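Morning, everyone. I'll talk about salt bridges today. Here is the model.

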Amino acid sequence: MESELIRFRAELEPFFLAALTQGPDQRLVSEVDQTAGRRFDQRQELLKRRTSGLSESDLELARKLTRNQFIAQEKEAFVTRYKSQAIAGLGVVGGDKTKAVLAGIAGDQKSPLRGSAQEALKRLQGPRRPGQ
C-alpha cells in the first residue's frame, strides 16, 4: 500500500494537503450530524432506563450534555480524525511544502493534530524511501 502511495506522490500530496486544510466536505459532515443526532436519542433512552451501569453522579453529568453539545463534539472529533488521516498520508507522500505545513501544526501547543503532525514529520525525515 505504501509503495502505491509513493508511486502516486505527485497526485496525492495536493489531495492530502487539501483534505488537511479544508477538512471533510459538507455532505460528510451532514451525515455525521444526522448519525450523531440518532446516537444522542439512543443515549437518552438508555439514560432514562438507568440500566447503563453508571453511578448516579455520572448519570447526572451525562444527562446535562445537550443534543447540540453532543452533536458538536461528534462533528469536531470526526473532522479531527479526517485531518489526522490526511496528515498520515502526507507522512508518506509529503515533500518540502508538506514539511512546512506539518511543522506549523507540530509546533502549535493547542492543536489536536500536533501529535499526528510530529509523527508524520519524523516519518518524512527518516531514511529515504524508494522513489524519493
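I'll take the salt bridges pair by pair.

First, the ground rules. This is a predicted model, where local features need pLDDT of at least 70, side-chain atom pairs count only at pLDDT 80 or more, and totals for chains, interfaces and linings use all residues. Residues are numbered from 1 along each chain as its sequence is written, and side-chain values use heavy atoms, with hydrogens and water left out.

How many salt bridges does the structure hold? Seven. By salt bridge I mean a side-chain nitrogen of Lys or Arg within 4 Å of a carboxyl oxygen of Asp or Glu.

Start with Lys 75 and Asp 33. Their closest N and O atoms are 3.1 Å apart. This pair links distant parts of the chain: Lys 75 sits in helix H5 (residues 67–93), Asp 33 in helix H3 (residues 26–49), 42 residues apart. Helices here are DSSP runs of H or I, at least four residues, numbered from the N terminus. Lys 75 is partly exposed at 27% relative accessible area. Asp 33 is partly exposed too, at 27%. The cut-offs: buried is under 20%, exposed is over 50%, partly exposed is in between, with a 1.4 Å probe and protein chains only.

Next, Glu 74 and Arg 39. N to O is 2.5 Å. Again, distant parts of the chain are linked: Glu 74 in helix H5, Arg 39 in helix H3, 35 residues apart. Glu 74 is partly exposed at 23%, and so is Arg 39 at 39%.

Last, Lys 122 and Glu 119, at 3.3 Å, N to O. They are about one helical turn apart, because three residues separate their positions in helix H7 (residues 114–125). Lys 122 is exposed at 53%. Glu 119 is partly exposed at 49%.

Technical notes: Helix = DSSP H or I, 4+ residues; strand = E, 2+ residues; numbered from the N terminus.
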